[in-house]
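Subject: Structure for you to look at

Hello,

Here is the structure I said I would pass on. Please open it alongside this email, and then read the notes below.

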Amino acid sequence: MCVPLKAFTAAFFMWLGVLLAFLAIPRPSTALDNGLALTPPMGWNSWNKFGCNVSEDLIRSMADGMVSSGMKDAGYQYVIIDDCWQVSRDDNGNIVPDAQRFPSGMKALGDYIHAKGLKFGIYSDAGEKTCAGRPGSMGHEYQDALTYANWGVDYLKYDWCHTGKRNAEEAYSTMRDALKAARRPIVFSLCEWGTAKPWLWAANIGNLWRTTGDINDHWEGRKKWPDGGCCSFGMLDIVDMQVGLESFAGPGHWNDPDMLEVGNGGMTANEYRAHFSLWAILAAPLIAGNDLRSMTPEIKEILTNKEVIAVNQDALGRQAGRVWALKESMGKAENHVEIWSKPMKDGSRAVLLLNRSASEAEISVPWSVLGYPEHLSAVVRDLWVHKDLGKFTGKFSVKVPSHDVVVVTVRP
Ligand code: GLA
């Protein structure tokens with residue numbers, strides 16, 4: 001009896017050891033469990049157009065504009081104040097808003113935004129200072145999160161300036177935990193510029209993470225900062241940096257290629273249509289950055305195209321991949337075209353045909369690049385013309401103007 005008992009005891013402890021070792025292996029949980037941003041967040045942010053020139057009057061008028069322009073009806077929700085609303089800390093370490101620019105206080109501003117049926121967003125930084133040199137949240141995370149919750153904040157963009165040697169995963173986890181402890185549902189937007197590849201570690205920390213440095217209001221091309229440092233990125237430079245990141249996005253956790261420049265003046269209407277369509281198909285947050293009080297009808301039509309927005313907000317939450325690209329020289333000219341495809345919940349594909357070249361191009365989409373068999377017939381619908389183009393078998397071709405897109409759904 002003694003021998004089997006010994007053997008049993010040895011086996012028991014061996015398996016116990018295996019079990020404990022297994023439990024000790026760190027495994028990332030899949031998504032942040034705050035239940036928010038199950039589709040990419042939609043809203044407006046002050047930075048791209050107004051920089052540090054923010055005030056309660058501006059933010060209120062932008063909330064008004066979001067409603068009166070039809071943006072709210074189209075799905076935009078968050079009104080987000082970026083950098084420069086804060087000036088100092090009081091003797092107890094509480095963050096102090098700029099009393100000249102926000103004389104009624106942040107709680108009153110949040111109430112105003114909420115009364116319009118919208119949500120209130122704010123900005124801080126994981127370092128000692130924000131990028132514009134205002135007080136950051138380092139060492140004050142729990143205190144700031146409570147303050148935001150008391151003000152009725154629904155969205156926090158959290159930047160990465162003046163962080164020294166701080167570890168990004170630690171810094172963003174600390175603020176995540178602080179937000180959780182404040183017990184108010186707050187969308188958590190990581191603005192770490194992709195430096196430490198947040199798509200690899202941030203799915204259970206934030207609802208979205210920036211994948212690149214700042215966007216500039218141009219079709220293509222990097223621009224040095226005024227101090228000579230590198231760089232902000234043109235719209236297409238940012239798009240190129242999204243290739244390969246599609247598997248990291250999903251409900252509650254999105255890649256963020258930065259905010260929209262649509263309507264800010266640096267691109268043509270065609271280019272803005274391309275910019276908006278690319279962000280939509282990339283399942284990117286749709287955070288407008290223009291003046292909502294004075295949009296031209298053309299810009300309003302771009303930002304409120306419900307068919308394109310429906311692609312962005314599709315419940316499956318897949319980010320488009322670049323499934324085909326061609327770059328060839330034709331004498332002095334260049335033919336540079338791409339196909340992007342996003343699987344949708346109903347089994348259809350949203351497909352974007354991008355013409356990066358200086359002249360019109362005909363682009364053909366064989367079903368094989370969409371992952372469909374060739375014999376399949378499918379209805380193709382143009383989401384900018386708002387028309388079914390017909391039933392096609394095997395492939396579909398269309399002429400795309402220079403610096404523009406055609407966006408369709410292909411529905412078998
Ligand atoms: C960084 C961010 C921008 C903006 C500014 C504010 O550059 O990436 O989006 O928030 O800081 O200072």
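**Backbone points**

A283 has a relative accessibility of 1%, so this residue counts as buried, the cut-off for that being under 20%. Please keep in mind that the model is predicted.

The phi angle of A283 is positive, about 55°, although A283 is not a glycine. As background, most residues other than glycine have a negative phi, and most peptide bonds are trans.

H403 is another residue with a positive phi, in this case near 50°, and H403 is likewise something other than glycine. The loop that holds H403 lies between β17 (395-400) and β18 (404-411).

C231 sits in the loop between β8 (208-210) and α8 (235-240).

**The ligand and its surroundings**

How many residues surround the ligand? There are 13, and the closest are D82, D83, K157, D159 and D214. Sorted by class, this shell has 7 nonpolar residues, 6 charged residues and no polar ones. The ligand takes up the space of the largest pocket.

K157 has a polar side-chain atom 2.8 Å from an oxygen atom of the ligand. For D159, a polar side-chain atom also lies 2.8 Å from a ligand oxygen. In the case of R210, the distance from a polar side-chain atom to an oxygen atom of the ligand is 3.3 Å. On its own the ligand has 300 Å² of accessible area, and the protein covers 92% of that.

What separates R210 from N255, in sequence and in space? The two residues are 45 apart in sequence, and their C-alpha atoms are 6.3 Å apart in space.

**Two helix residues**

H275 is in helix α9. Because its relative accessible area is 0%, H275 is buried. A polar atom of the H275 side chain lies 3.0 Å from the backbone nitrogen of E261.

E307 is in helix α11, which covers residues 306-312. Its relative accessible area is 21%, so E307 is partly exposed. From E307 to H253 the separation is 54 residues in sequence and 23 Å in space, taken from C-alpha to C-alpha.

If you want an order for going through the model, start at the ligand and select K157, D159 and R210.

Regards

Terms used:
Residues are numbered from 1 along each chain as its sequence is written. This is a predicted model: local features need pLDDT of at least 70, side-chain atom pairs count only at pLDDT 80 or more; totals for chains, interfaces and linings use all residues. Side-chain values use heavy atoms; hydrogens and water are left out. A residue is near a molecule or strand if one of its heavy atoms lies within 4 Å of it. A polar contact is a pair of N or O atoms within 3.5 Å; within protein, one must be able to donate a hydrogen and the other to accept it, and residues adjacent in sequence count only if both atoms are side-chain atoms. Accessible areas come from the Shrake-Rupley method with a 1.4 Å probe; for residues, only the protein chains shown count as cover. On a 1 Å grid over the protein atoms alone, a cavity is a set of points where a 1.4 Å probe fits but cannot get out, and a pocket is an open set with protein on both sides within 12 Å along at least five of seven lines; lining residues have an atom within 4 Å of a point. A molecule sits in a cavity or pocket if more than half of its atoms lie within 2 Å of its grid points. Ala, Val, Leu, Ile, Met, Phe, Trp, Tyr, Cys and Pro count as nonpolar, Asp, Glu, Lys and Arg as charged, and the others, Gly among them, as polar. Helices (H or I, at least four residues) and strands (E, at least two) are DSSP runs, numbered from the N terminus. Buried means under 20% relative accessible area, exposed over 50%, partly exposed in between (1.4 Å probe, protein chains only).
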